[in-house]
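Student: Could you take me through one part of this protein up close, and show me how that part sits in the whole chain?

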Amino acid sequence: MPQFRLSEAARLLGVSDDTVRRWVRAGQLTATDDAAGRKVVDGAQLAGFARAQASGPEDPSTVGRSARNRFVGLVTEVIADKVMAQVELQCGAHRVVSLMSTEAVRELGLRPGVLAVAVVKATTVVVETPEGSR
């Protein structure tokens with residue numbers, strides 16, 4: 001079973017080492033000692049904790065749709081020519097880039113600072129693991 005040192009857990013959760021130590025002291029995460037005497041968190045427990053802690057901004061749209069992958073964020077850049085545009089959003093820690101028609105950019109009023117939702121419907125998702133993590 002994979003285990004993560006508290007500093008690694010902090011990096012994966014996007015918080016400080018101190019925050020992870022507080023969660024351990026409060027009993028929200030369980031840490032054990034590894035063979036070297038370092039505090040570690042079980043990977044499966046960390047994954048469940050990360051899922052429970054994950055909360056993004058509420059999706060402001062009221063449209064029902066089948067796509068489940070929604071990323072609420074701010075438009076940070078729009079590069080457009082006569083026909084096509086590249087729109088970049090910052091959705092929490094994630095940068096999402098979309099290519100669309102310049103007409104769609106105009107109709108949606110997309111420009112830096114505008115709140116937008118990137119909706120992703122993909123038939124293929126590639127999952128990678130770091131070398132040696134097996």
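Tutor: Happy to! Keep in mind that this is a predicted model. Reading from the N terminus, the elements of the protein chain follow the order β-α-α-β-β-α-β-β-β-α-β. Its radius of gyration is 20 Å, well over the 14 Å that the globule rule gives for 134 residues, so the protein chain is more spread out than a compact globule. In total, the protein chain has four helices and seven strands. Along the principal axes, its C-alpha atoms fill a box of roughly 60 × 30 × 25 Å.

Now let's zoom in on Val96. This residue belongs to strand β6, which covers residues 94-101. Is Val96 buried or exposed? Its relative accessibility is 17%, and because buried means under 20%, Val96 counts as buried. Across the protein chain, 23% of the 134 residues count as buried.

Who are its contact partners? Leaving aside residues up to four places away in sequence, Val96 touches Phe71, Val87, Glu88, Leu89, Cys91 and Ala118.

As for charge, the protein chain has 17 positive and 15 negative charges, whose mean positions are 3 Å apart.

Definitions and conventions. Residues numbered from 1 in each chain as written. Predicted model: local features only at pLDDT ≥ 70, side-chain atom pairs only at ≥ 80, totals over all residues. Heavy atoms only, no water. Helix = DSSP H or I, 4+ residues; strand = E, 2+ residues; numbered from the N terminus. Rg over C-alpha atoms; globule rule 2.2 N^0.38 Å. Buried < 20%, exposed > 50% of the residue type's maximum accessible area, 1.4 Å probe, protein only. Lys, Arg positive; Asp, Glu negative; His and termini not counted. Charge placed at Lys NZ, Arg CZ, Asp CG, Glu CD. Contact = heavy atoms within 4.5 Å.
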